[in-house]
2 protein chains.
Amino acid sequence: MIALPYLVFLGDADREVGVKTAQGVLYWRPDQVAGQFRLPGCELDLGIPDMDFDAAVAAGARTVLIGIANRGGIMPERWIEPLRQALEAGLDIASGLHQRLSSFPALKETADRLGRQLHDVRHWSGPPLKLGTGEKRAGQRVLMVGTDCNIGKKYAALAVAQEMCARGIKSTFRATGQTGVLIAGAGVAIDAVPADFVSGAVEMLCPANDPGHWDVIEGQASVLHPFFGQVTLGLVLGAQPDALVLCHEAGRAHIRGMPNRPLPSLTATLEAHLAAARINNPAVRAAAVSVNTGGLTPEAAEAALEAARAETGLPATDPIRHGAGVLADAILARR
Amino acid sequence: MIALPYLVFLGDADREVGVKTAQGVLYWRPDQVAGQFRLPGCELDLGIPDMDFDAAVAAGARTVLIGIANRGGIMPERWIEPLRQALEAGLDIASGLHQRLSSFPALKETADRLGRQLHDVRHWSGPPLKLGTGEKRAGQRVLMVGTDCNIGKKYAALAVAQEMCARGIKSTFRATGQTGVLIAGAGVAIDAVPADFVSGAVEMLCPANDPGHWDVIEGQASVLHPFFGQVTLGLVLGAQPDALVLCHEAGRAHIRGMPNRPLPSLTATLEAHLAAARINNPAVRAAAVSVNTGGLTPEAAEAALEAARAETGLPATDPIRHGAGVLADAILARR
């Protein structure tokens, strides 16, 4: 569990390419971001108050969030001393970089001495992982699945969880990727878990719960993805979803980064994920389609939604454009 | 690459339950086992010469194989000093236990000082892992798939590779599990690889090769397994097999350790693995069925093979009982 709110650390970053994590946290948890910390020469600005570490602590911040993903996920040496000072000032640190915070002796020694937490969300550091059981658990679960990576599964899950919360339905967003973990302050980046333990890690992430409680589980990739499929299958097996929401981006023609691989159809994608989910829950059902229509005109967006409805026979909406009411209705319809 | 032959280390083991690794190596690579090393009180005997470390080195042994898997995969402290002496005598050490050899300071320091290798085959320590590409590679590949774990996939693959070798066909057994790696002296225990990298690790394990060369790839679990399915899917995606051999154990009624889960049928298992393999190779074909008939009478074994033929329409044999000729013929039939 990461202590919130965050002070977002932008370092001396000079381009926007790697600021997705910070933007995601700001979009979904604006109340949990106290401000930003920038080194001289930083060319980024999230449009929130600049603070030094003492001011951030005074404003209630608990954790420095490294909001930048450099090429290669490498931490510049010149960030270490400022981050060490953040620990001295009373803050924990959370990072989604590949390199572990604890691999820097100055950070590890300072954190150990002061009892501060270093959260490397790309590396599991919680209780020992267990193998899955495949046994169905109490409580309801909806899992986002999709036609590809980076297609809107995290945003759909967060929108559904927010909508359920607004309706007073007991529900919890369950993060399965690094940015999701940083947004939620908890979760498991399942792609970094040893393959054997993925399903068990997901079982641990969304354990047995009240019969009326909904886990709204962030999706990853697709079981049909040419080299990430195994991450998705482990997620489906461990989640044991009662309902699936199929996520898609309007107009995406081929798998990201693979121009020769046409995207599978919505129905083929849905059928593949239903087949996988039936292994542990034969009663799983497809609830709705979430279409990312960002950048389209209202007319083109509506045409994309209508096409998704026609192909699948399911309700379809863009939860960012129209809110997640349609998705929540469909998920809850046949509890 | 593990230097062979082995001296098999049995410690002071008092039961046979955990000797599978040693037995597998002895069965498949008898020429690569120089002898056994036993501590006082050891109740096991593999029926091969007892040797101390100096005698083993003189007999050509290069690596001590820890042939025992204790409950929990834990190394008793009393084994450390004898193992350290093995390093001093000139031997490397290979282990399939969970606990890393290098986590014992006495072993690590001695190995570092003398330039000896410590092989923890359950932990990847080769070149940095890469993500998969999903791109088809030159060369032919056959992958063992199965209805469950521990059903005969490793033995089938080793028998096929041996048969191809006897026929003068260029081929290589590719190990994907810890015992397979210890038998082959090389490979990747893919279940211990971070989920993201499983398909890429398998691509690295069986890289592009001569058009006529066959990789004979050890299988793992099943894509329909309730909590190990992700390991299998990553293997299928990375292997990009041209042919599948379906492995099954006659009479197994339910998934191992899950009495409430009936085993999927041969045809359902085959179809699920073909669907997964078609993601990266639409031309994949089912070649044959390998049935483990151990313990059955000849008549019952033939009935089990006939049932497999009738259900799948494919050739079927037990490669341990009858040799792998039928499997090799079927794999090579439509190159």
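User: How do the axes of helix α3 (residues 80-89) of chain B and helix α4 (residues 105-114) of chain B cross, and within what distance do they come?

Analyst: In this predicted model, the two axes come within 9 Å and cross at roughly 5 degrees. Axes are lines fitted to C-alpha atoms, for helices over the stretch in contact, and angles run from 0 to 180 degrees between N-to-C directions. Helices are DSSP runs of H or I with at least four residues, strands are E runs with at least two, and both are numbered from the N terminus. Local features need pLDDT of at least 70 and side-chain atom pairs count only at pLDDT 80 or more, whereas totals for chains, interfaces and linings use all residues. Residues are numbered from 1 along each chain as its sequence is written, while chains are lettered from A and ligands numbered from 1 in the order in which they are written.

User: Why is α3(B) called roughly parallel to α4(B)?

Analyst: Angles under 35 degrees count as roughly parallel, over 145 as roughly antiparallel, 65 to 115 as roughly perpendicular and the rest as oblique. The axes cross at roughly 5 degrees, and that makes α3(B) roughly parallel to α4(B).

User: Which residues make the contact?

Analyst: Residues are in contact if their C-beta atoms, placed from the backbone, lie within 7 Å. Helix α3(B) contributes B:I80, B:L83, B:R84, B:L87 and B:E88, and α4(B) contributes B:A106, B:L107, B:T110, B:A111 and B:L114. By class there are seven nonpolar, one polar and two charged residues. Ala, Val, Leu, Ile, Met, Phe, Trp, Tyr, Cys and Pro count as nonpolar, Asp, Glu, Lys and Arg as charged, and the others, Gly among them, as polar.

User: What makes β2 (33-38) and β5 (118-120) of chain B stand at the edges of the sheet?

Analyst: Five strands form an open, parallel sheet in the order β2-β1-β3-β4-β5 of chain B. Strands pair if DSSP finds at least two bridges between them. Each of β2(B) and β5(B) has a single partner strand, so one side of each is left without a neighbour in the sheet. The twist averages 25 degrees from one strand to the next.

User: How do you know that strand β3 (residues 63-66) and strand β4 (residues 92-95) of chain B pair?

Analyst: Three bridges join β3(B) and β4(B) in the parallel sense, and the bridge partner of B:T63 in β4(B) is B:D92.

User: Which are the edge strands of the sheet of six strands in chain A?

Analyst: The order of this open, parallel sheet is β7-β8-β6-β9-β10-β11 of chain A. Its edge strands are β7 (171-174) and β11 (316-317), each pairing on one side only. Strands β6 (residues 140-146) and β9 (residues 243-249) of chain A run parallel and are joined by five bridges; A:V142 has A:A243 as its bridge partner in β9(A).

User: Why do the copies meet through the same surface?

Analyst: The contact takes 27 residues from chain B and 27 residues from chain A. The largest share of the side of chain B that touches chain A, six residues, comes from α8(B). Because 100% of the interface residues of chain B are also interface residues in chain A, the copies meet through the same surface.

Technical notes. Contact = placed C-beta atoms within 7 Å.
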